[in-house]
Every structure is written in structure tokens, then in C-alpha cells.
Amino acid sequence: IILGSAFSAAIEAALFSVPLIKVRELSQTGSRRALTLLKSRENMSRPISALVILSNGFNIVGSLAIGAIASDYLNDLWLGAYSATFAFIIIICSEIIPKTFGERYALTVALVAARPLDFLTRSLTPLLWLIERIVKPLSSVHRGFSTTEGEIKILVRIGEQEGIIQREEADMIHRAFRLKNTSAQ
């Protein structure tokens, strides 16, 4: 239960944390994992829904099964203590630690999980289709552009600070943004 839920949480955190631009860059190498990850990363609703179903399946069904077993062997006082302890272990070992790991090693986790996640998503397609129909009225808001001019300028500054972009290149990019506000006569 804990491991299944932990894997789901780590993969979910990795998907949200890996930069789309990095996945697009890797997919240009032709790597099957990177191409599969790109497909998931460009439309995250189904893969995330599949992970939520999987994680909740582990947590709910597993907790019920283990609780039923524990109730046969423990009295009310110990059953309460057991339930609280088990809930604490689930929160720490199946949520916080795996999500931290997934965020920290986002690209590696996402690439390793890309193909199994794609298989899971395809396997759950009928259920995911139904969920999409239920959720669609709540999520049909237009999101706008995925990257703003300000974000690009910040990325240029970071790239320059890290030595990825040379000073002259950064200046040229910043001047390109100022060009749209310049009038020629």
C-alpha cells in the first residue's frame, strides 16, 4: 500500500516539476521515453487523473483491508492508536517523502515512469473519459499563453548568471523585446 501510493505520488510530483521546455528538448533526440513523456506533459489531465485513481486505490482499498484485519486483533483503544499511526505513516512515507523525491529528481523520475504511466493511462481510458465529461464544465476556462515575456526575461537572466548564456546574447534577447516598442522614421 505504502509503496504503491508512494510511487504514484513521486510520479505526480515529477510530472508537475519537470519543465516542459526540457522535455521538448529531450524529445528532439528521438528517445521513446522522452517522446512518451512529452505526450503526457503536453496534456496532463489524463495522466494526472490516472495517477490519482491509482494512488487513491492503494490508499482506500489498502487501508480498508488492513483496517479490517487489524480490527480482528485489536480492541477499540489499540485500533484507534493503530489507525492514527497508519495515517501518519501514509502521510509521511506515501506523500511527503515521495513528492519531495519526485520534485528533486523530476526529470529522471518522469522519464523512467513515462511508458508505464502511458500504459496505465491507456488502460484506464474508459474511466478517464467519464471523469473528463464530469469535470469538463468546471475546467473549460481558457488559460492564455503558456509563457510570458517576463518569464522569458527571467530565464535569460538566470541563464546568464549560470553561464549558459553569454552577456552579449542576453543583451541581444533583451533588445529584441524592446524592439516592438521602437518606432522607425
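**Exercise 1.** What should the 16 residues of α1 span at 1.5 Å a residue, and how far apart are its end C-alpha atoms?

Solution. The structure is a predicted model. The expected span is 1.5 Å times one less than the number of residues. For the 16 residues of α1 this gives 22 Å.

**Exercise 2.** Which residues of α1 are buried, and what covers them?

Solution. The buried residues are G4, S5, A6, S8, A9, A10, I11, E12, A13, A14 and L15. Their cover includes α3, α4, α5 and α6.

**Exercise 3.** Find which residues of α4 are buried, and what covers them.

Solution. Helix α4 runs over residues 45-73. Its buried residues are P47, I48, A50, L51, S55, N59, G62 and A70. The cover of these residues includes α1, α3, α5, α6 and α7.

**Exercise 4.** How many aromatic pairs does a search of the whole structure find? Describe them.

Solution. The search finds 2 aromatic pairs. Y82 and F86 form a stacked pair, with 5.9 Å centre to centre and 15° between the planes. Planes under 30 degrees apart count as stacked. Both residues lie in helix α5, 4 residues apart, about one turn of the helix. F86 is buried because its relative accessible area is 14%, under the 20% limit. F101 and Y105 form a tilted pair, with 4.9 Å centre to centre and 50° between the planes.

**Exercise 5.** Is L138 buried or exposed?

Solution. L138 lies in the loop between α7 and α8. Exposed means over 50% relative accessible area. L138 has 73% relative accessibility, so L138 counts as exposed.

Technical notes:
Residues are numbered from 1 along each chain as its sequence is written. This is a predicted model: local features need pLDDT of at least 70, side-chain atom pairs count only at pLDDT 80 or more; totals for chains, interfaces and linings use all residues. Side-chain values use heavy atoms; hydrogens and water are left out. Helices (H or I, at least four residues) and strands (E, at least two) are DSSP runs, numbered from the N terminus. Buried means under 20% relative accessible area, exposed over 50%, partly exposed in between (1.4 Å probe, protein chains only). Contact means heavy atoms within 4.5 Å. Rings of Phe, Tyr and Trp (its six-membered ring) pair if their centres lie within 6.5 Å; planes under 30 degrees apart count as stacked, over 60 as edge-to-face and the rest as tilted.
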